[in-house]
Amino acid sequence: MKTTLEQMARQIAAAVPRDRPVAVVGIRRRGEVLAGRLMPLLEQAGAPPEHHGALDITLYRDDLTAIGPNAVVRKTEIDFDVTDTWLVLVDDVLYTGRSVRAALDALIDLGRPMAIRLAVLVDRGRRELPIQPDFVGLTIKTEADSNINVKLQEVDGIDEVELE
Amino acid sequence: MTRPTGEKPVWTRKHLLRLAELSREEILFILDTAESFKEVSTRSVKKVPALRGRVVVNMFFEESTRTRMSFTLAAQRLSADVIDFSAKVSSTTKGESLRDTARNIEAMGVDIMIVRHSAAGAPLLLTEAVDCCIINAGDGQHAHPTQALLDLFTIREIKGRIEGLNVAIVGDIAHSRVARSNLQGLLKLGASLTLVGPPTLVPRNFEQLGARVVHDFDAILPEMDVINMLRIQRERITSNVFPSVREYVQLFGMNRQRHARCKPDVLIMHPGPVNRGVELAADIADGPSSSILRQVTNGLAVRMAVLFLCQQAASATPGGT
């Protein structure tokens, strides 16, 4: 996983504009952890981001009615102005694209970034919305009935990508 | 975020009637959720789409300005549509007509009713009459759960904890729904609670609920971490349970002299609106120990959390608890 993240950091660093503040924002919860890991890697790659934040998208989900009391609202912690930043949105798995849609709506309520780019550790395909990633760690073709579990040391006690 | 599968949701109630029936865990879950909602009010777009397409009705059978506005704004920040119903009900038309009114309003497609009524138990009655969520915004002398929740939220935010704090509530405890709801919440979260006021307004039987009853305010000042000064209701002042205003101010008013005997970091709370110079001297109300405006700000976040959680519980369990 370390190598994959380093490789993603290099891709991002190569794309970073030199004249804009760069922000890395992770979607809670595993995207947030990955964003945290990307910070020092981006610095090593010569593109240290100015800002770092975490985004909770619960209130923007399109399936709130379906998930009912299982919705847990966590804090969005973005203590900088997103307006005019070059913002990298980070998540663990890109699947239907619905989480990213929710995240884009949430970000735009916070301000007007100059650009938003999407970085995901795993792209498992099977999109339901017209959303594509800009930076991808792994691409895994999956069936609808299979499952990709990204486990991270900080949350799950182990780093692994599991295909079920 | 969603809860991991297999884990039981903490909040499954579609109604919020009183803190007495909530567990410590449920109360803390509301406070934690409210913390997340507080951030929404700091954004450039102070709105989230969580209750888009839902209809919230304010049913206030008793006057209120700030609670009604707070609930309205909370619902609007969640993108709900809000309608207002107000009525002054005569005692002869209670019961049947309350039920009928609610059913008629519900028939318009309402999801959440926020109910304030001078009769204790009116919100509970409505849970049996209609299917939508009922949020108690104050019923008689019974309960005012969102006020207590915002008080707990404010204490926790400023003091960092509630457990182990010495908290005093001062004033007309006997007739106060704010005091009753605060008592339930504070005791459940492990505060040590002292009720203060003249014997006619603070009966000894409150000790059975687990609070200490004290009639000498001055004696307890130095030990208190939080002092919540209740509003003296004008209608009580003329009744014979109430001492003269002058005597009340002398014995139970928070003023500069009393404040000087408190801990330096004492937190002075008040549910508003303040009778300046009666329960609270103006310089204390506006001073650095006072959390009055903070309470109002936090009320918004707490009410957003309550509306959201009850609606989420209702959407998954039609006809549930």
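The exercises below concern a predicted model and come with worked solutions.

Local features are given only where pLDDT is at least 70 and side-chain atom pairs only at pLDDT 80 or more, while totals for chains, interfaces and linings use all residues. Residues are numbered from 1 along each chain as its sequence is written, with chains lettered from A in the order in which they are written.

**Exercise 1.** Determine how the radius of gyration of chain B agrees with that of a compact globule.

Solution. Step one: the radius is taken over C-alpha atoms, and the globule rule is 2.2 Å times the number of residues to the power 0.38. Step two: for 321 residues the rule gives a value near 20 Å, and chain B has 20 Å, which agrees. Step three: the C-alpha trace of chain B spans about 55 × 50 × 40 Å along its principal axes. Step four: 46% of the 321 residues count as buried (20 or more other C-beta atoms within 10 Å of the residue's own, with C-beta atoms placed from the backbone).

**Exercise 2.** Describe helix 1 of chain B and state what covers its buried residues.

Solution. Step one: helices are DSSP runs of H or I with at least four residues, strands are runs of E with at least two, and both are numbered from the N terminus. Step two: helix 1 covers residues 24–38 and reaches 21 Å from first to last C-alpha, close to the expected 21 Å (1.5 Å times one less than its number of residues). Step three: its buried residues include Ile27(B), Leu31(B) and Phe37(B). Step four: the cover includes helix 5 (145–159), helix 6 (177–188) and helix 12 (292–316) of chain B.

**Exercise 3.** Work out the strand order of the open five-stranded sheet in chain B and identify its edges.

Solution. Step one: strands pair if DSSP finds at least two bridges between them. Step two: the order is 7-6-5-8-9, with parallel pairing. Step three: strand 7 (212–214) and strand 9 (267–269) each have a single partner strand, so one side of each lacks a neighbour in the sheet. Step four: strand 5 (166–170) and strand 8 (226–229) pair over four bridges, and Val167(B) stands opposite Val226(B).

**Exercise 4.** Characterise the side of chain A that touches chain B.

Solution. Step one: 21 residues of chain A are in contact with 22 residues of chain B (C-beta atoms, placed from the backbone, within 7 Å). Step two: helix 3 of chain A gives the most to this side, with three residues.

Note on methods: A residue is buried if 20 or more other C-beta atoms lie within 10 Å of its own, exposed if 12 or fewer, and partly exposed in between; C-beta atoms are placed from the backbone. Two residues are in contact if their C-beta atoms, placed from the backbone, lie within 7 Å. Ala, Val, Leu, Ile, Met, Phe, Trp, Tyr, Cys and Pro count as nonpolar, Asp, Glu, Lys and Arg as charged, and the others, Gly among them, as polar.
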